[in-house]
Amino acid sequence: MIPAGSHPVWHPVFESLGYAAGYAVFRWMRGRRGDVIAEPQRWTVIAAAAVGALAGSRLLGLAEQWPTVLTAWRGGHLLELLLSPGGKTIVGGLLGGWAGVEIVKRISGIRSRTGDIFAVPLCVGIAVGRIGCFLAGLADDTYGKPTHLPWAVDFGDHVARHPTQLYEIVFLAGLGFVLSRPWRWAEGARFRVFMGGYLAWRIAIDFLKPQPLVGGLNLIQWACVAGLCTLGVLAWCDSRRLRRRIPAHAAVT
């Protein structure tokens, strides 16, 4: 068992570093590979993603902690809980940001797929932020269930647990490497691979976390299922549009 302790003061530090690292990678990739939309449109998309991510992260974070929310409501402390800095989730942020961007794109008439340039920066930013989650230990609620594996970590309560934060950093490093490859990606494919890969990962890894379940899954996992279903529907719609563009004689030959 590896002693790690619990140092919640580091969480906001590494969360801020995660934002900074992700933005630095975004700027570097944009300067190297260009962008599919103009500068003003890109900042419109970024603003929509930020607002949607903030709302989605907070809403799903509070929903995930529904026993705590229910207790706060019964005790008359609900407003205090709503105004507290905690209670945010990465999955909610990703889904909320994605929804915010799609809404603003439809309003603004932006038809290009704008998410590819965010795929690798998101991997980097989330991975850096997870370092803060690991250092925060028990205060962060991202630790795993007890285990007897040799790399188990004691976060200060003398219980050997899965270091699920470190598992995620390793996963994101691998996903980011794949997404950074200079292959011939279709427009929008990098972002959808990122979203599909991360949502599927969270469904799997959250089985190792001691979270309240609803129908066999926690609420973050159900949100991931909804996101994956949306990706599946979008892929099906794309395939239908592609088949309509192929002439009948070309399809036969």
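Start with helix α9, residues 219-245. Helices here are DSSP runs of H or I with at least four residues, strands are E runs of at least two, and both are numbered from the N terminus. Before you click on, remember that this is a predicted model: local features need pLDDT of at least 70, side-chain atom pairs count only at pLDDT 80 or more, and totals for chains, interfaces and linings use all residues. Residues are numbered from 1 along each chain as its sequence is written, and side-chain values use heavy atoms, with hydrogens and water left out.

Which residues of α9 are buried? Select Ile-220, Gln-221, Ala-223, Cys-224, Gly-227, Leu-231 and Asp-238. Buried means under 20% relative accessible area, exposed means over 50%, and partly exposed is in between (1.4 Å probe, protein chains only).

Now check the length of α9. With 27 residues at 1.5 Å a residue, the helix should span 39 Å, and its end C-alpha atoms are 39 Å apart, which agrees. The expected span is 1.5 Å times one less than the number of residues.

Next, click on Asn-218, which caps the N-terminal end of α9. One of its side-chain oxygens lies 3.1 Å from the backbone nitrogen of Ile-220.

Next stop: Thr-142. You'll find this residue in the loop between α6 (119-136) and β2 (153-154). Is Thr-142 buried or exposed? Thr-142 counts as buried because its relative accessibility is 11%. Show side chains and look for Asp-140: its side chain makes a polar contact with that of Thr-142, at 2.6 Å. (A polar contact is a pair of N or O atoms within 3.5 Å; within protein, one must be able to donate a hydrogen and the other to accept it, and residues adjacent in sequence count only if both atoms are side-chain atoms.) Leaving out residues up to four places away in sequence, Thr-142 touches Arg-130, Cys-133, Thr-164, Gln-165 and Lys-209. Touching is a contact, with heavy atoms within 4.5 Å.

Time for some rings. The structure holds 8 aromatic pairs. Select Phe-26 and Phe-118, a stacked pair with 5.6 Å centre to centre and 20° between the planes. This pair links distant parts of the chain: Phe-26 is in helix α1 (residues 10-33), while Phe-118 is in the loop between α5 and α6, 92 residues apart. Rings of Phe, Tyr and Trp (its six-membered ring) pair if their centres lie within 6.5 Å; planes under 30 degrees apart count as stacked, over 60 as edge-to-face and the rest as tilted. Phe-26 counts as buried at 4% relative accessibility, and Phe-118 is buried too, with a relative accessible area of 17%.

Jump to Phe-194 and Tyr-198, another stacked pair, with 6.2 Å centre to centre and 15° between the planes. Both lie in helix α8, 4 residues apart, about one turn of the helix. Phe-194 is buried, with a relative accessible area of 0%, and Tyr-198 is buried with 0% as well.

Finally, zoom out to the whole chain. How many helices and strands does the protein chain have? There are 10 helices and 3 strands, and 41% of the 253 residues count as buried.
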